[in-house]
Amino acid sequence: MDPAQMARWIATREERPSRELETFLAWFAAAEKAPEFKDALASVVAEEGAAERVSELLQDLLGRAGTHFGVGFSQGTRVAVLQAAADEINRRAQQTGWEADESRSVDIQD
């Protein structure tokens, strides 16, 4: 609430990327450890509405994944989410398409 305190904090704050950039870099690193996710995306990218369906799948998986106090999603959880997403994308692609069995539960464990 004190502008002088805020200015002091800004001036002495350790340099680091924004939280958004840190989150992006963490997901990027997780994707490097889950190459099957990249392969699964490549297999469906040309399908109409694939981006929306992948986004919905990831949101669903993240909604069911555990978080760690003060940390949020750990790297292990991020990797597990991407691996589970790859498994689900591949499973749906082998069926009649994305619309098939959208309600199936996928377990995520860190």
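**Exercise 1. Find where Glu 88 and Arg 91 sit, and how their side chains pair.**

Step 1. Glu 88 and Arg 91 are both in helix H5, three residues apart, about one turn of the helix. Helices are DSSP runs (H or I, at least four residues), numbered from the N terminus.

Step 2. Their side chains form a salt bridge (2.7 Å, N to O). The term requires a side-chain nitrogen of Lys or Arg within 4 Å of a carboxyl oxygen of Asp or Glu.

Step 3. Salt bridges with shared partners link Glu 88, Arg 91 and Arg 92 into one network.

Step 4. Both Glu 88 and Arg 91 are buried. Buried means under 20% relative accessible area, exposed over 50%, partly exposed in between (1.4 Å probe, protein chains only).

This is a predicted model: local features need pLDDT of at least 70, side-chain atom pairs pLDDT 80 or more, while totals for chains, interfaces and linings use all residues. Residues are numbered from 1 along each chain as its sequence is written, and side-chain values use heavy atoms, without hydrogens and water.

**Exercise 2. Work out which residues of H3 are buried or exposed.**

Step 1. Phe 37, Ala 40 and Val 44 are buried. They lie on the same side of H3 because they cover an arc of only 65° around the axis. The arc is taken from the directions from the helix axis to the C-beta atoms.

Step 2. Lys 38, Asp 39 and Ala 42, on the other side of H3, are exposed.

Step 3. The buried residues of H3 pack against H4 and H5. Contact means heavy atoms within 4.5 Å.

Key: Helices (H or I, at least four residues) and strands (E, at least two) are DSSP runs, numbered from the N terminus.
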